[in-house]
Amino acid sequence: MKFFKSALRVWITVASLFGFLTGWAVLAHSPKPQPYMDPSRATLGLDPVPQFSDLIGGDDGLGGPRITRTVRAFTPRFRTAGS
Amino acid sequence: MEYYEFRAMNSVILMGAEGQGTAAGFEAARSFIEAAEERFSRFRETSELSYLNRSAGQWTSVSPDLFEVLDLSLTYYRATGGLFAPSILPDLQRAGYTRSMDELRAQGVDPVSADHFPSRAPAFDSLRLDHARSRVFLSQGMQIDLGGIAKGWIAERAAEVLSAYSTACAVSAGGDMFMIGHPQGQAGWDVALEDPRDPASDIITLWIDQGAVVTSSVAKRTWRQGNQLRHHLIDPRSGQPAQTPWLSVTVLAPHAALAETFAKAILIGGPRTADRLTRENTAIKFLAVDADGQLWNSAHHKEPVYA
């Protein structure tokens, strides 16, 4: 029984080591991942995030900044077509 | 300019207004339009017009609004020499226009025999009006459709409602438009005229001072009856969809009901009618579009005025 336990430990150790080395070898020889975009364009041309100061329209006299916004209203066109 | 859009009268209603109370004005104008649709629609069994049509052959008391539109209809029937005639309803139904255009497009023509409708209805000027008691007498067999004139009249009245809340406003009911005042910093209103050959594009932009702009078109409300393409502009002389050299006629006039009825009459009657009506009624101007996309106007209707 004791011999059987020792043999099982050795078998598990050898099998684990073999699996680890096999995995290592396979990954070492696999193709390298390609960049998903042209390296020359790797830096995205995002617009700068607006500064908070850009949003401040002025002081409302109450001690705090007043944030104003520009409303770009939907402008439908009057159109005559026949009814 | 603030805008408000919704659907009524089987059309897109677009309102624009400037001023402090536009939100309340839009709601008031919308309420008016929806109430007026309930009154004037021939497609609603419960409408006042449907009740009047069922009461042909007897004197019937009607609301001041319906009385006014019928009175205007009689005036313009005479002014257009009968080319505008609301009594063509049986002809319209015989051509297949028995339900609203939305339903017609979705479900097709009703399979009702044309013989179901009277072949020749009484002339519209047999209509009698009792101004003192706001009563109407439709001759036996007369059936009325106030579709176009009612839509123009409603657009003008809705603009008047909206003007109480705004400094400048415009109401468009499916292209029947009425404008009051001018947008801030402008001397008029831009109104695009749709190309009747291609609804996705405009053929010209009109610069309107104030008042009404209305277009009648044979290309807009069309359907198939058997293998025939039908449209909703009935020529009262033949009882059939009108044969006309123009695809659409746009009329500018001080009032929307006037513009609506004259646009219809000019489109049905063609160039000679246009010549006569514009000479007799100097307050109106028209612009017609033919099948080649040429524009024709009041003064030089024999020559295209825009390429």
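The model is predicted, so to speak of local features takes pLDDT of at least 70 and side-chain atom pairs count only at pLDDT 80 or more, while totals for chains, interfaces and linings use all residues. Residues are numbered from 1 along each chain as its sequence is written, chains are lettered from A and ligands numbered from 1 in the order in which they are written, and side-chain values use heavy atoms, with hydrogens and water left out.

**Where the chains meet**

- The contact (heavy atoms within 4.5 Å) draws 10 residues from chain A and 32 residues from chain B.
- About 1700 Å² is buried between chain A and chain B, and carbon and sulfur atoms give 53% of that area; buried area is the accessible area (1.4 Å probe) that two parts lose on being put together, summed over both.
- Chain A and chain B share 3 salt bridges, each a side-chain nitrogen of Lys or Arg within 4 Å of a carboxyl oxygen of Asp or Glu.
- One of these links the side chains of A:Arg77 and B:Asp202, at 2.9 Å from N to O.
- On the side of chain A that touches chain B, the residues divide into 4 nonpolar, 4 polar and 2 charged; Ala, Val, Leu, Ile, Met, Phe, Trp, Tyr, Cys and Pro count as nonpolar, Asp, Glu, Lys and Arg as charged, and the others, Gly among them, as polar.

**Strands across the interface**

- Strand E3 (residues 79-80) of chain A runs parallel to strand E8 (residues 189-195) of chain B, joined by 2 bridges; strands pair if DSSP finds at least two bridges between them.
- A:Arg79 has B:Ala192 as its bridge partner in E8(B).
- Chain A has 2 helices and 3 strands, in the order α-α-β-β-β from the N terminus; helices (H or I, at least four residues) and strands (E, at least two) are DSSP runs, numbered from the N terminus.

**Residues to look at in chain B**

- B:Arg276 sits in helix H8 (residues 271-280) and counts as partly exposed at 30% relative accessibility, where buried means under 20%, exposed over 50% and partly exposed in between (1.4 Å probe, protein chains only).
- Leaving aside neighbours within four places in sequence, B:Arg276 is in contact with B:Ala79 and B:Thr80.
- B:Met9 lies in the loop between strand E1 (2-8) and strand E2 (11-18), is buried at 12% relative accessibility, and has a positive phi of about 55 degrees although it is not a glycine.
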